[in-house]
Amino acid sequence: MKLGIGIGWRPEIADEVEALAGIDWVEAVAENLCADHLPDSLVRLRERGVTVVPHGVALGLGGADRPDPGRLAALAARAELLGTPLVTEHIAFVRAGGPLTASPRLEAGHLLPVARTRDALDVLCENVRIAQDSLPVPLALENIAALISWPGEELTEGQFLAELVERTGVRLLIDVANLHTNHVNLGQDPAKALDELPVEAIAYVHVAGGVEKNGVWHDTHAHPVSAPVLEVLAELRSRVDPPGVLLERDDAFPPGAELAGELDAIRATLRRAATVHTPAESGERTDTAEAGERTGVADPAPAEGRAAADPVPAGTRDRTAVAQTALLSALVAGTPAPEGFDHRRLRVQSRALAAKRADVVAKVAPELPEILGDGYRPAFLAYAGGRPMSGGYRRDALDFAEHVLIAGGPADPVARRRLTYWWQDRSGARPPGRTTRLVRAARAVLVGK
């Protein structure tokens, strides 16, 4: 399956993406697509023969819980709607708590790293097999960028990915920007990771930009692709010709000419690296080639053809759940840090999660920063510091507005009136509890002014 050169499709750059020359395919965030209706831009791209791949961000296949059937059904529906050759997700957990730990459910609002331990690998493999059985097309999983590492890890990233592929037959989405991020933040050698993983399992590759602050690399997807990231891409290309390479950009979108320039830099890097001796292309036998054959990645077996695996023991999931809940609670609820973690890095990760929440809520509910002005971000970060997200971002936006109103803000009466109306219009029918009574009282006072 040859994809070619692609770019991440986002509504903010839909026109620019359509105008770009030499685009073979695009990737769209699955959760941002309606299950029964595509944006006009994607319809036009598909009519031109451009492949559209849905990229999931919310399954949390690395989490202790089994995958949610509703989320799997939604991803499957988007795959059917797009007629895609595959779907992709991440090797990450995004929520914790709940029945396995008899504690409140917590949402990270972002991708968090899975411990590279046998327990975590067993849970991930079973979750992947459940997902594979629920999806109409092959699944590929992405390695993520990390600001923190787990204590007591038993496998390197390459070993972890190689065993995941061998046990499940899943394909890989290798993000070279994430390999660079983990090199800067965690001291992990990208070349070693590439040496250890089965490169023939690669479905496609992500390339993205980031920025370094105080010795920490932030995988922002809002900055130009850096030279070190292109060097990792060249390292990968020297080992294998990936079926597809895609440029990601999620924020601070540049003009179309700049996107085209980044795509040209990616093409040039691939051309230069292709001149390097590549065993997988010259017919030589390699460990990774043999691994690819063992997993059957080139032609993955249907669900009924895969060997059945023993269910993960309940104790394995329980241990994973406790560990993930303790970490996520420290990051979003201010509970004590679990033993063995770098406290400074945990603070960096905690601030990054809160900033991510603020950014996404501002996109989901753009009226909030408009109403609150320069006060939006500090108010939201103060709110997020003591109130973990337990639902989606839309629920988070409503809860934040409710919090501001109960606290007596905003100070400007016009802004307060606007925020009150906004909250009431979106909160729906709710029991007249203390919060609702306060807001109604505030509205009565404001209307009377």
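Mentor: Welcome! One definition first: on a 1 Å grid over the protein atoms alone, a cavity is a set of points where a 1.4 Å probe fits but cannot get out, and its lining residues have an atom within 4 Å of a point. Please keep in mind that this is a predicted model.

Trainee: Thanks! How many cavities of 30 Å³ or more are there?

Mentor: Rolling a probe the size of a water molecule over the atoms shows where empty space is left. With the cut-off at 30 Å³ or more, the count of cavities is 2.

Trainee: Which residues line the second largest cavity?

Mentor: This cavity has a volume of about 40 Å³. Its lining divides into 4 nonpolar, 3 polar and 3 charged residues. By name, the lining is made up of A64, D65, R95, A96, G97, L100, R105, A321, Q324 and T325.

Trainee: What is the volume of the largest cavity?

Mentor: Its lining has 17 residues, and P113, V114, R116, I144 and E157 lie nearest its centre. By class, the lining divides into 10 nonpolar, 4 polar and 3 charged residues. The volume comes to about 200 Å³.

Trainee: Which element gives the most to the lining of the largest cavity?

Mentor: Two elements give two or more residues here, helix 5 (157-168) and helix 6. The one that gives the most, with 3 residues, is helix 5.

Trainee: At what angle do helix 6 and helix 8 pack?

Mentor: Two packed helices are described by the angle between their axes and the distance between the axes. For helix 6 (residues 176-186) and helix 8 (residues 227-237), the axes are 8 Å apart and the angle is about 115°.

Trainee: Is the crossing of helix 6 and helix 8 left-handed or right-handed?

Mentor: The two helices meet through V176, A177, L179 and H180 of helix 6 and P228, V229, V232, L233 and L236 of helix 8. By class, this contact has 8 nonpolar, 1 polar and no charged residues. The crossing of helix 6 past helix 8 is right-handed.

Trainee: Which residues form one aromatic cluster?

Mentor: The structure holds 7 aromatic pairs. One cluster is formed by Y376, F380, Y383 and F400.

Trainee: Which residues does a cis peptide bond join?

Mentor: Go to the loop between helix 16 (393-406) and helix 17 (413-427), where you will find P410. Omega is about -10° at the cis peptide bond that joins G409 and P410.

Notes. Residues numbered from 1 in each chain as written. Predicted model: local features only at pLDDT ≥ 70, side-chain atom pairs only at ≥ 80, totals over all residues. Heavy atoms only, no water. Axes fitted to C-alpha atoms, helices over the stretch in contact; angles between N-to-C directions. Helix = DSSP H or I, 4+ residues; strand = E, 2+ residues; numbered from the N terminus. Left-handed = near helix turned anticlockwise from the far one by under 90°. Contact = heavy atoms within 4.5 Å. Nonpolar A, V, L, I, M, F, W, Y, C, P; charged D, E, K, R; others polar. 1 Å grid on protein atoms, 1.4 Å probe; cavity = no way out; pocket = protein on both sides within 12 Å on 5 of 7 lines; lining within 4 Å. Points joined across faces, edges and corners; volume = space filled by probe spheres on them. Phe/Tyr/Trp six-rings, centres within 6.5 Å; stacked < 30°, edge-to-face > 60°.
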